[in-house]
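Open the model in your viewer and keep the selection panel at hand. The tour goes from one selection to the next and says what is there.

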Amino acid sequence: MSDHNQNSNDNSILKKPMTRRDVLRLAGSGGLGLLLGGSTFGLFAAQNNRKTKAANATGTTDNQVPFYGQHQAGIITPAQNFICFAAFDVTASGSSSLQKLFRTWTAAAAAMAEGKQVGEESTNHNLPPVDTGESVGLNPSRLTITFGAGPSLFDDRFGLSGKRPPSFKDLPAFNGEQLEPQWCGGDIGVQVCADDMQVAFHAVRNLARMARGTAVLRWVQEGFQRSTQADPSGSTPRNLLGFKDGTANPAVTSAQDMNKVVWAQGSDGAAWMGGGSYMAVRRIRMRIEVWDRSSLKDQEDTFGRYRGSGAPLGAKNEFDAVDLNAKDEKGNPHIPADSHVALAKGDGSIQILRRSYSYSGGMDLKTGQLDAGLLFISYQRDLFKQFVTMQQKLAKSDRLNEYTLHVGSAVFACFPGVSNGGYIGDTLF
Amino acid sequence: MRYNVILPTGVLVASLLFSGCGQKEDANADSTPAAPASTETSTTASAADFNAAIEQYRTFAVEQCDLFVKETEKFTNAVKAGNLDEAKKLYAPARAYYERIEPVAEALGDLDPNIDARVNDVDAADWRGFHRIEKALWEDKTTTGQEGYADQLLKDAQLLRAKIETIDIDASLMVTGAVELLNEVSSSKVTGEEELYSHTDLYDFAANVEGASKIFEILKPELAKKDADLEKEIGERFATLKQELDAFKKGDGYVDYTELKDDQIRKLSQNLDALAEPLSNMGKILGV
């Protein structure tokens with residue numbers, strides 16, 4: 001199937017589905033290489049999450065991740081347990097409405113990051129409460145709220161058409177994707193992550209409430225990964241295909257690497273984006289039922305890794321190097337050339353920072369099957385040089401494409417960090 | 001029954017005074033939740049302003065109710081005469097007068113369910129009123145057997161008219177009523193559940209919004225004193241929503257709700273939410 005191809009790319013990305021081994025390795029390698037190729041995707045993310053948690057570059061303290069800073073939180077922040085992603089369309093016109101919304105959102109996001117309610121609590125019994133209240137008494141749960149502008153924000157509505165970074169535009173069509181409009185696009189993307197789903201939901205709900213009359217929700221997707229409670233050791237998480245995923249992310253502790261892979265530089269073409277990052281979001285449906293009736297061998301050949309250990313096929317441990325030249329006794333390569341790990345590894349020249357979550361949309365009413373998959377999210381300095389290049393390769397050949405289908409897609413230019421007193425996107429206006 | 005109705009009408013002018021006294025047993029039990037206690041202090045300060053506003057609103061409610069009785073009678077007459085097409089034509093326009101003042105009617109206990117209950121809102125044996133007849137007209141395509149419901153409906157409408165002047169309207173009821181009207185739209189009109197058989201939901205939608213708009217217009221001067229930005233914002237959003245609704249006008253009424261596409265419904269719903277959110281802060285005029 002065509003989606004095969006397409007998906008494969010995605011998959012890798014998304015998923016994590018790399019073979020276990022791949023995953024493991026990657027993970028092990030600490031982002032080394034497996035994903036390297038382009039695939040840094042999958043593995044990375046997972047690993048990051050856990051690994052970086054301990055020694056984190058973002059200065060996480062306890063349950064709190066600072067909202068203000070050089071970069072927005074939620075990008076190189078170790079991945080929290082849950083995500084609630086919301087894309088908005090702006091209905092008001094004129095840049096002053098937009099700036100007002102961003103100011104309002106900034107104050108609310110900063111407060112929520114500290115576990116506070118949004119706005120001053122009202123004592124007027126004739127008014128609805130200012131905050132919706134469901135997070136009262138809960139700690140911030142490492143809440144991060146990351147804002148970005150979609151390509152459509154740079155049309156003529158807000159006087160921003162001259163500000164669109166040259167390399168920032170809608171993604172090209174990829175082989176096999178079957179995008180559904182209800183999961184695509186958005187003037188503004190808001191990634192909300194927290195270790196508590198209620199805390200994350202509360203943030204999206206209140207941001208949407210404040211936006212009424214200025215912006216409306218376009219799509220919302222919740223996601224999860226195995227929690228820190230379920231896996232205190234922080235080993236490489238598994239995706240919904242059962243394989244360890246997300247290992248080889250670049251080291252977020254290296255400012256040099258981050259500047260090379262993740263952070264847009266002021267000299268890249270849009271000065272206002274210096275310190276920001278470009279986000280790709282793909283809602284990738286997994287054909288769970290089909291996958292579940294595939295033989296273990298097929299599954300492992302698809303990823304190029306062993307399911308149990310995550311080690312590359314032909315190797316022993318999760319973090320063993322992926323050797324695409326290794327042959328079995330009959331002279332056949334251990335790792336199929338069109339396996340996810342093989343394609344993802346590539347020559348290691350392209351990296352991205354993955355930050356994906358699994359999702360479940362309940363049941364597909366048409367088929368009665370589970371609607372589940374991966375909310376793939378990656379951050380990169382340049383969408384086309386990194387994500388698109390990688391995804392095109394995966395979309396064409398990845399074996400995983402047989403089991404996955406890209407149904408949603410969006411890209412956002414995530415603003416640089418906000419300094420205290422400033423507001424999100426203030427470098428843009 | 002009709003006569004009963006007329007009586008109060010005559011007293012209309014005097015009825016202003018009733019605002020304080022008319023505690024109908026069930027009166028505003030459900031429509032004025034938290035407000036009373038906390039409003040007391042501040043209402044004294046500007047009591048005069050609210051008295052004028054309350055009387056303006058009462059006049060509006062009575063006017064609407066007079067028309068409601070009149071148009072409902074035309075409708076029930078058509079039903080009883082077996083004039084199916086005429087009855088279907090009169091159905092939605094008659095209801096609009098009711099929908100504009102629904103929070104007031106709801107303050108009158110059983111009257112609202114008797115007039116406006118949908119199929120599963122009450123026990124089957126108790127189901128009567130507009131929607132009972134709506135089902136016969138649109139689904140069963142007949143007026144046969146509806147005579148009794150028609151008579152009951154007219155009596156209920158007349159009873160509403162008789163009682164409406166005695167309702168204890170206060171500023172708090174108006175403020176919460178305006179939001180309730182929009183909440184009505186949000187929870188049953190937008191979903192197309194209100195007019196299950198006739199698909200005339202947009203008539204109700206528009207009438208609810210008009211009812212809320214009337215309250216806003218009356219309270220606007222007071223709100224402008226307290227929060228001019230909010231007053232302006234609400235005004236703009238009423239205008240946006242009305243403009244949105246106007247696109248679906250057809251003749252004297254509105255298009256069948258089933259003609260709306262999903263994205264059109266969503267946009268209506270979002271514009272409604274965009275209005276209801278600031279409108280819910282109109283309680284500022286009541287003080288703390």
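**Second largest pocket**

Start with H5(B), which gives the largest share of the lining of the second largest pocket, seven residues. Helices (H or I, at least four residues) and strands (E, at least two) are DSSP runs, numbered from the N terminus. This is a predicted model, in which local features need pLDDT of at least 70 and side-chain atom pairs count only at pLDDT 80 or more, while totals for chains, interfaces and linings use all residues. Residues are numbered from 1 along each chain as its sequence is written, chains are lettered from A and ligands numbered from 1 in the order in which they are written, and side-chain values use heavy atoms, with hydrogens and water left out.

The pocket holds about 450 Å³ of space. Of its 18 lining residues, B:Ala92, B:Pro93, B:Tyr203, B:Asp252 and B:Gly253 are the closest to its centre.

A pocket, on a 1 Å grid over the protein atoms alone, is an open set of points with protein on both sides within 12 Å along at least five of seven lines; a cavity is a set where a 1.4 Å probe fits but cannot get out, and lining residues have an atom within 4 Å of a point. Grid points are joined across faces, edges and corners, and a volume is the space filled by probe spheres set on the points.

Axes are lines fitted to C-alpha atoms, for helices over the stretch in contact (heavy atoms within 4.5 Å), and angles run from 0 to 180 degrees between N-to-C directions. Residues in the contact include B:Phe205 and B:Phe216 of H11(B) and B:Ile234 and B:Phe238 of H12(B).

**Largest pocket**

Stay on H12(B), which gives the most to the lining of the largest pocket, with nine residues. This pocket has a volume of about 1,600 Å³. Select A:Met210, A:Arg212, A:Thr214, B:Glu233 and B:Arg237, the closest to its centre of the 47 residues that line it.

**Second largest cavity**

Last, go to chain A. The second largest cavity has a volume of about 70 Å³. Among the residues lining this cavity are A:Met112, A:Lys116, A:Leu138 and A:His202.
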